[in-house]
Amino acid sequence: MPAVGIAVGDNKKEYPGNLTPFVTVTCIVAAMGGLIFGYDIGISGGVTSMPSFLKKFFPSVYRKQQADATSNQYCQYDSQTLTMFTSSLYLAALLASLVASIVTRKFGRKLSMLFGGVLFCAGAIINGVAKAVWMLILGRILLGFGIGFANQSVPLYLSEMAPYKFRGALNIGFQLSITIGILVANVLNYFFAKIHGGWGWRLSLGGAMVPALIITVGSLVLPDTPNSMIERGQHDEAREKLRRVRGVDDVDEEFNDLVAASEASMKVEHPWRNLLQRKYRPHITMAVMIPFFQQLTGINVIMFYAPVLFNTIGFGSNASLMSAVITGVVNVVATMVSIYGVDKWGRRFLFLEGGFQMLICQAVVAACIGAKFGVNGNPGELPKWYAIVVVLFICIYVAGFAWSWGPLGWLVPSEIFPLEIRSAAQSINVSVNMLFTFIVAQIFLTMLCHLKFGLFLFFAFFVVLMSIFVYYFLPETKGIPIEEMGRVWKTHWFWSRYVTDEDYPKAGGYEMTKGGQGPKNV
């Protein structure tokens, strides 16, 4: 999540300012942009487990589902059309995020947020009144365009409006609003599925208009950020806005730094070509590997398809939606733990602890499903204790993700990029994230059909890989000023061979923590 501004660390550079009611309300309204992304993640899995929805649009899946219960439970949802319904959104979001970066820079953050809300609203209306599969997929593509614009502009807006002391927590606040969106969607699915006549899915899909209208109206009433005004040459208005946002008159130092930062970034003519320089090797590695690994934790499989998954494991349709509500609550609470602990315990600790927790849970869930379903997918009668054990370990898994790879997968890339490559590197980060979200969503149900319970072991293997990657290659970034971040790579056992004293000649104002850098020699 790119942000122009000066981070505070041991160099004691501070700007005067307060967390005023004005900026608090502004950030809360803007953070609600995360609701549209979260609502969609939660709603799509619940809708695709509703029999009335499947019967209307995906009759082949419905017939498989209604077939003799002794048939293979692993393969009952295996349909490329059904997964295209879910995953088309993420391909659209990938394309939109690239366009949105230009709109956000040239016309301001508010216009991107407005586009996001309007496009998402249009997609929700088309999905709510859909009569055929093509209408569903068109609606999903419009939803994806909306999410691409919102995910590009909302985090950027929050980072620029927030006082520096609260920037980290407010960045994770965006992730919190995503998890709240998932929870609300799960609760609505649970109740809408009970509607007689089988049209509850229309309310679920059409209900996406509500978060879309919130961000649309919000974008019209929110003020523009001082950074955005400076980028567009409105210096006098930007100074006045900064005074109001910070709640003090003395904003000259911060204003001058923002102007200097903006002028410096404009001098970089080819940020994409700059990324290929040797000194940016660690940054580009993180911009690709962190979002890649984030998607291969398997979390989107749980969140997209929690109701489908629980249904496959043998719960009834209503029971599976209730289980998804439970995991949604866990997700919200655990994200709050991350907000509390990220600046106390550090990024590496949360990454590694979360990875260990997810690994154990995936092994247990694979063993439970393998023991009951075997390789032929026929579980027979499932006892209640079995269902409770599976849901319990899936909840512990979700908690592990929600205080580690969930928020940190967005936070860490946003704080390591130097200003001159920040927008380009962040575009790569978002694009890789959406690309692998699309791929995992598109092939998950086919993998479940073929790998069976081994699917959880497949993701567990990647959790081991990503934990090794973090242990050896990711330095601790807690409490280090953004402008000093280059020196983290210079003192790292591996990345120091790419980053030299010439690249970062300035002496740093902080002392590296001992440990947490991986081994000192190879």
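This is a predicted model: local features need pLDDT of at least 70, side-chain atom pairs count only at pLDDT 80 or more; totals for chains, interfaces and linings use all residues.

Author: C121 is buried, its relative accessible area being 14%. C395 is buried too, with a value of 11%. A disulfide is a covalent bond between the sulfur atoms of two cysteines. For C395 the distance can be stated: the nearest cysteine sulfur belongs to C361 and is 9.6 Å away. The cut-off for a disulfide is 2.5 Å between the sulfur atoms, so C395 is in no disulfide.

In soluble globular proteins, nonpolar side chains tend to be buried together. Here the largest nonpolar core has 118 residues, and the members that touch the most others are F53, F58 and W405. Helix α21, residues 422-451, supplies the largest share of this core, 12 residues. The surroundings of F58 can be listed: leaving out residues up to four places away in sequence, F58 touches F53, T81, L82, F85, V133 and L136. Apart from this core lies another one, of eight residues, including M229, V251, F255 and V259.

Of the 29 residues of α7, 24 are buried, so the helix is largely enclosed by the rest of the structure.

Aromatic rings come next. A search of the whole structure finds 29 aromatic pairs. One of them joins F469 and F473, whose ring centres are 5.7 Å apart and whose planes meet at 40 degrees, so the pair is tilted. Both residues lie in helix α22, residues 454-473, and are four residues apart, about one turn of the helix. F469 is buried, with a relative accessible area of 11%, whereas F473 is partly exposed at 23%.

Rings also take part in another arrangement, with charged side chains. The charged end of R244 sits over the ring of F22, 4.0 Å from the ring centre. The charged end of K56 is likewise placed over the ring of F57, at 5.7 Å from its centre.

How values were computed. Residues are numbered from 1 along each chain as its sequence is written. Side-chain values use heavy atoms; hydrogens and water are left out. A nonpolar core is a set of buried Ala, Val, Leu, Ile, Met, Phe, Trp, Tyr and Cys residues joined through side-chain atoms within 4.5 Å. Buried means under 20% relative accessible area, exposed over 50%, partly exposed in between (1.4 Å probe, protein chains only). Helices (H or I, at least four residues) and strands (E, at least two) are DSSP runs, numbered from the N terminus. Contact means heavy atoms within 4.5 Å. Rings of Phe, Tyr and Trp (its six-membered ring) pair if their centres lie within 6.5 Å; planes under 30 degrees apart count as stacked, over 60 as edge-to-face and the rest as tilted. A charge sits over a ring if NZ of Lys or CZ of Arg is within 6 Å of the ring centre and within 35 degrees of the ring normal.
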